[in-house]
Amino acid sequence: MKQHLWIGGKFKETENYKALKSPYSGEGIAEVAMASPSDVKSAIDAADHARKIMAEMPAHKRAEILESAVAIMKEEKEECAMIIAREASKPLKAARGEVDRTIMTYTFAAQEARKLYGETIPMDAAPGGEGRVAYTVKEPLGIIGAITPFNFPMNLVAHKVGPAIAAGNTVVLKPASQTPMSAYKIADIFHRAGLPDGALNVITGSGGTVGDVLVADDRISMITFTGSPAVGKQIRENAGLKRVTLELGSNSAVVVDENADVEKIVPRIAAGAFAFQGQVCISVQRIYVHESLYQTFAERFVEEAKKLKIGDPLNEETDISAMISKSDTDRARSWIESAVKSGAELALGGKAADNTLYPTVLLNVDKSEKISCEEVFAPVVHINSFSSFEEALALVNDSDYGLQAGVFTNDVNKAFKAAKELHVGGVMVNDFPTFRVDHMPYGGVKMSGMGREGIKYAVEEMTEMKLISFKID
């Protein structure tokens, strides 16, 4: 089948199409449109045409459209999960979990559409302000350029599309090249939910082609991007006065203090390391364990990792399936081999079959190795020991990234110390850094990005404040 572009509420053909194949089986899924610069301009034209319609739409109507989309998605949950599993090779049970989260994300967006509150300003607090009444309102920015990754092809789209619609904006969405079908499904759902034509446009193709046009066009008011630091930096440097939100990944760390319950926490941390083949921005990558628990923890962690079932993403029992591409598999393997050559112990895994990289556990990795200091985005984790809590916090902070970190401790003073000293966007006490619910503020510092997602916080990013002042005679 051919998957055309979605522009102005209808499908639009283009000149070039590219085969989309399953990362697991290599089987063809669809022939997907490759947008030209003129196609991107057409999508922006459509969004611009719908801009006034969305800005003037009552809040309750925007909320109702989001609620209708939620209702449709609930009816078509299994179809949505199958799309994700096929194009991303996300194990089916994980894909179902993503669909459930997507439903919740749009539910939160519907709620936030009804809560765009301003405030009254006491003008007489300053001399000369007497006899005035003032208040603020929040207005939509206009057109949001949204660029999303492959790893959560429905829920990360929801984190951009949901708040944009809630705030009264229009959207030009560029999904990841490997996972376009999820985005087209969402466009179809919103069309049936009553979203005006042109309010959501989906354009697939080269990231450079589409992204360059979105960043350059003055009609785009904001770029919201999830992806690599290199691309994020390029967007930021070329965006001019556009508002920009960037979520750029991490090499998330977790600290296991000496009083932690190893038997209780190992399954949780393992889940955070290997869910969706480790292709999660807040996947556990670095584990620092107190030296008194190190041997026990490492042995127990390896045992837990061995329980994971590897295979077809459409199999109900599968925990680990193919990486998104062979090049990503090869890259992760080369990092593993480098760490081992530098003295790390390979406790589990390290091998691959086609695109499937087996769960890998490394011990005592040098902090200069890529497997430690860069984002591996694969089912690979390393475990190192520490002697003091201060040392552990320093190891976590010794990173160019800072998205989220986890700390397991029963000492409340250490918990508050970690909360204060860790230079990250979120500190999860007695949980792994992979924890996220979809209404919480989410974003990082350093190379992990700028701005915050989480529906309420994204809505704030996607609106601008206007002050109205009345002088009373």
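Lys 242 is found in the loop between α8 (229-238) and β12 (243-247); helices (H or I, at least four residues) and strands (E, at least two) are DSSP runs, numbered from the N terminus. The structure is a predicted model, in which local features need pLDDT of at least 70, side-chain atom pairs count only at pLDDT 80 or more, and totals for chains, interfaces and linings use all residues. Residues are numbered from 1 along each chain as its sequence is written, and side-chain values use heavy atoms, with hydrogens and water left out.

**Lys 242**

- Lys 242 is buried yet has no salt bridge, and the nearest side chain of opposite charge, Asp 218, is 4.4 Å away.
- Buried means under 20% relative accessible area, exposed means over 50%, and partly exposed lies in between (1.4 Å probe, protein chains only).
- A salt bridge is a side-chain nitrogen of Lys or Arg within 4 Å of a carboxyl oxygen of Asp or Glu.
- For charge, Lys and Arg count as positive and Asp and Glu as negative, while His and the chain ends are not counted.
- A polar atom of the Lys 242 side chain lies 2.8 Å from the backbone oxygen of Val 215.
- The side chain of Lys 242 also reaches the backbone oxygen of Asp 217, at 2.9 Å.
- Not counting residues up to four places away in sequence, Lys 242 touches Leu 214, Val 215, Ala 216, Asp 217, Asp 218, Ile 220, Ser 221 and Ile 223; contact means heavy atoms within 4.5 Å.

**Glu 369**

- Glu 369 has its place in the loop between β18 (360-363) and α12 (370-373).
- Glu 369 is buried and has no salt bridge; Lys 370, the nearest side chain of opposite charge, is 8.7 Å away.
- Leaving aside neighbours within four places in sequence, Glu 369 is in contact with Trp 335, Ser 338, Ala 339 and Ser 342.

**Overall form**

- The secondary structure of the protein comes to 15 helices and 25 strands.
- The radius of gyration is 23 Å, close to the 23 Å that the globule rule gives for 473 residues, so the protein is as compact as a globular protein of that length.
- That radius is taken over C-alpha atoms, and the globule rule is 2.2 Å times the number of residues to the power 0.38.
- The C-alpha trace spans about 75 × 65 × 40 Å along its principal axes.
- Of the 473 residues, 56% count as buried.
- Among contacts with a separation of 6 or more, 73% are accounted for by residues 24 or more positions apart.

**Salt bridges**

- Side chains of opposite charge can pair when their charged atoms come close.
- A search of the whole structure finds 29 salt bridges.
- Lys 77 forms a salt bridge with Asp 100, with the closest N and O atoms 3.0 Å apart.
- This pair links distant parts of the chain, 23 residues apart: Lys 77 is in helix α3 (residues 77-88) and Asp 100 in helix α4 (residues 92-113).
- Lys 77 is partly exposed at 33% relative accessible area, and Asp 100 is partly exposed at 38%.
- Arg 96 and Glu 78 meet through their side chains in a salt bridge (2.7 Å, N to O).
- Arg 96 in helix α4 and Glu 78 in helix α3 are 18 residues apart, and the pair links distant parts of the chain.
- Arg 96 counts as partly exposed at 25% relative accessibility, as does Glu 78 at 37%.
- Lys 414 forms a salt bridge with Asp 257, with the closest N and O atoms 3.2 Å apart.
- Lys 414 lies in helix α14 (residues 412-421) and Asp 257 in the loop between β13 (253-256) and α9 (262-274), so the pair ties together parts that are 157 residues apart in sequence.
- Lys 414 is buried at 19% relative accessibility, and Asp 257 is buried at 1%.
- A network of salt bridges links Glu 76, Glu 79, Lys 185, Asp 188 and Arg 192.

**Cysteines**

- A search of the whole structure finds 0 disulfides, a disulfide being a pair of cysteine sulfur atoms within 2.5 Å.
- Cys 281 is in no disulfide, and the nearest cysteine sulfur, that of Cys 373, is 18 Å away.
- Cys 281 is buried, with a relative accessible area of 10%.
- Cys 80 counts as buried at 0% relative accessibility.

**Tyr 106**

- Tyr 106 has its place in helix α4 and is buried, with a relative accessible area of 2%.
- Not counting residues up to four places away in sequence, Tyr 106 touches residues including Leu 66, Val 70, Met 73, Ile 186 and Phe 190.
- Tyr 106 and Ala 239 are 133 residues apart in sequence and 28 Å apart in space, C-alpha to C-alpha.

Methods: Polar contact = N/O pair within 3.5 Å; in protein donor to acceptor, adjacent residues only side chain to side chain.
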